Structures are given as structure tokens and as C-alpha cells.
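Hi everyone, thanks for making time this morning. I'd like to walk you through one structure, starting with the fold and then moving to the ligand.

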Amino acid sequence: MFDQKKIAVVGYGYWGAKHARVLSSLPGVALTVIDADETCLAEAEKQFPAARLVSRLDAALDDLDGVVVATPPGSHATLASQALAAGMHTLVEKPLTTSVADAESLIGIARENNALLMVGHTFEYNAAVRKLREIVRSGDLGRILYIHSSRLGLGRYQKDCDVVWDLAPHDISIISYLLDEMPTSVSAWADRNVGPRHADVAYVRLDFSEADTHAIVHVSWLDPCKVRRVTVVGDQKMAVYDDLSDNERIRVYDIGVDIALMDDYTSSPSMPVSYRTGDIVSPYLAFEEPLKVQDSHFLDCIRGVARPESPGERGLEVVRVLKAVDSAHSVTGRVSVASPLRLVPEQVAQ
Ligand SMILES: NC(=O)c1ccc[n+]([C@@H]2O[C@H](COP(=O)([O-])OP(=O)(O)OC[C@H]3O[C@@H](n4cnc5c(N)ncnc54)[C@H](O)[C@@H]3O)[C@@H](O)[C@H]2O)c1
């Protein structure tokens, strides 16, 4: 038997509704839904008639064991600090906060109040990402030459953050989890196409010094194709994780390019390379909804039988990278292309 835990989901929007569904399906959870918007609470009441409904977090804090913060990123710091200061174990959606100082402050408040702080890096609880990590760390792919990650589609334009803060926390969390290292430097290009404020497409480059490798992250709210793909290119094999694939979410390609051993390079008209092609293997993955794995883990942490695998410190690491990306794309590192030669009419005639 599970001892009952009273858990509140703050923010019953797109993602908070999924937390509410998952938490209410777990044994020993009494659900509270908190939302400032009456229509969201009415919707929650329809879906979860047994749930307690509250419009403000501070009105519920005296009767809870844990809080999940699933409101827009700009409100995470205020709500999470209220919860932690009241001694609540708190899971905060990604990104943990919108500033490094706020993330550091939450970690401090959690420690002072003996409360657990966990960040919702959902992909670190995804069976495919865990498998890919195992493959990368086994050395089967050889040395990792580079990683490419794409998270594209017609996205949900956010009011209080740009596409990098909305989507790239996933890629930064996945890639650093695969390599077991945080990037040491970043560069970025981001652009705003729709709406007055936030970039909706970006390319981010992450440099990893220990692994001596790089990753390119492409995120967009403005792309005709929905893509959720991570490609890991090793010098022995390559792997592709396609989160949208039904039954082959990971494929390992025994494929590569070698510098050919040639006696006389100068006699060859093309690059002296040879191509290796072999099997494509797709490992079996037992699927369990990652959000369910993450929220069950949060409950295990509250019950004292586990320690957070994605603690507040992990959220802080990702926020540090996001802040560096902000600085990187405000720097203009452009190089002008040399002006084309003007052809004089006589030259054209010839
Ligand atoms: N882990 C994932 O895969 C994943 C996926 C999507 C979104 N998210 C994250 O979930 C969070 C929520 O995103 P969303 O798309 O669901 O947002 P949303 O705008 O759909 O919903 C936010 C809800 O919070 C409520 N709210 C806002 N401020 C509040 C406050 N102070 N008190 C009570 N309620 C308040 C709003 O009324 C709204 O119902 C974001 O941090 C986002 O990055 C995570």
C-alpha cells in the first residue's frame, strides 16, 4: 500500500493538464489543481471530479505534500519559491527559471527548508533517450564527431519566452545527458518572423570540451514539418533517435566514411575516402510515457525512496546555457561577403 500524498499541479494549461492526468493515475495521489483562470478550473473539474480546485497556490500550501509548477516560465521562480519556502517538495517544469540568479536562489531556498527541488527535464525519463545514452557511453559509435538535434513544427508561440527558452531546454538536456557533460561555450543565430517580440527560429551550437565534440540544435515554431530528431555521428557508427517514430525510435547505422589508403593521392580526381555500409539495427524499447516515469519518480522522492535524477542543480545548468545563448545571439559575428566583380559590357559580349 502507498501512503497517500497530496500533490498540487499549479497551472492547468496544455502541459499541466497532462501532469494532472498522469498524477491522478498514480496510486496514492490526492490531486489538487491550481489555476488563476476560472475556465481552466472548470475544465479540470470536468476531467477530475475528485480533485480539489484552488485559484491561488498560497491558499493551498498548508495542506499539501508536493507541488508541480506547470505555469509559463516567467512565473516559475515566484511560485516555486513560495512552495519551497513552505517546505513543499517541488517539481518545476522546464526551463527551471528565466534567470541564473533565480535558479540559484531556488536551490538555496530548497536547502534551507529541507525540501526537494526537481526540474521537469522529461526527456531524461524517456526510454529512447536512456537507450541512446547507453549506446553512446558503451563506445559502440566510436568517438562522437558531432550531434545534430531538430525540434521543429508549427509551434505554440509563447508569450513570455522565445523558441530557444521554450524548446531548446529539451535538446540541451538530452545532449548533455548523452555526453555526461555540459557545454563550455555556445554560439547562436536566432530570428523573429511572426509576432512582435520573440525569436521563433534558431540554430544553436554547443561546444563540449571534454568530449571534444559539438552539437547543433535547430529549434523552430515556424516549420512545415514536425520533426523531433537527434542524430549522433560517431567515427564508427551513427545513431538516429526519432521521437515521432512508432516502432523504430532508435536506429543504429553501421555506416561511416574512412580516409582511403592510397599510394598516390595526387592522381585521384576525388577525395580519397572509402565508404562503409553495414546493418541498421533498431533496439527494442519498452515504452512507458516519460511524463509518467518522471512524475512517479517525483513521488518516490517525496516518499523518501529515491533522490531526484534531475535535481534543481541540473535545471540551473541548463538555464546557464540558455543565458549564454541569449548573449551569443545578441552578438553580431557576421563576415561580409566580398563584393561581386562588376562585369563590363565588353566582357559580357565576349
Ligand atoms: N516537459 C515538457 O515536455 C513540456 C511540454 C510543454 C510545456 N512544458 C512547460 O510547461 C509549462 C507550462 O506550459 P503550457 O504550455 O502548459 O502553458 P499554458 O499557457 O498552456 O498554461 C499555463 C497555465 O498556467 C496558469 N497560470 C499562469 N500563472 C499562474 C499563477 N500564478 N497561478 C496559477 N495559475 C497560473 C494559466 O492560467 C494557464 O492555465 C512551461 O514551463 C512549459 O515550458 C513542458
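Here is a question to begin with: in which sense do strand β1 and strand β4 pair, and over how many bridges? This is a predicted model, by the way, so please keep that in mind. The answer is that β1, residues 5–10, and β4, residues 66–69, run parallel and share four bridges.

Now let's zoom out to the whole sheet. It is open and has six strands, paired in parallel, in the order β3-β2-β1-β4-β5-β6. At the edges sit β3 (52–54) and β6 (117–120), each of which pairs on one side only. From one strand to the next, the twist averages 20°.

Next, the helices. Helix α1, residues 16–25, packs on this sheet and touches β1, β2 (29–34), β4 and β5 (89–93). The direction of α1 makes about 165° with that of β1. Helix α2, residues 38–47, packs on the sheet too, touching β2 and β3, and its direction makes about 175° with that of β3.

An oxygen atom of the ligand lies 2.6 Å from a side-chain N or O atom of Arg 156. A ligand nitrogen is 3.1 Å from a side-chain N or O atom of Glu 93, and a ligand nitrogen is 3.2 Å from a polar backbone atom of Ala 36. Taken alone, the ligand exposes 860 Å², and the protein buries 80% of that.

Notes: Residues are numbered from 1 along each chain as its sequence is written. This is a predicted model: local features need pLDDT of at least 70, side-chain atom pairs count only at pLDDT 80 or more; totals for chains, interfaces and linings use all residues. Side-chain values use heavy atoms; hydrogens and water are left out. Two strands pair if DSSP finds at least two bridges between them. Helices (H or I, at least four residues) and strands (E, at least two) are DSSP runs, numbered from the N terminus. Axes are lines fitted to C-alpha atoms, for helices over the stretch in contact, and angles run from 0 to 180 degrees between N-to-C directions. Contact means heavy atoms within 4.5 Å. A polar contact is a pair of N or O atoms within 3.5 Å; within protein, one must be able to donate a hydrogen and the other to accept it, and residues adjacent in sequence count only if both atoms are side-chain atoms. Accessible areas come from the Shrake-Rupley method with a 1.4 Å probe; for residues, only the protein chains shown count as cover.
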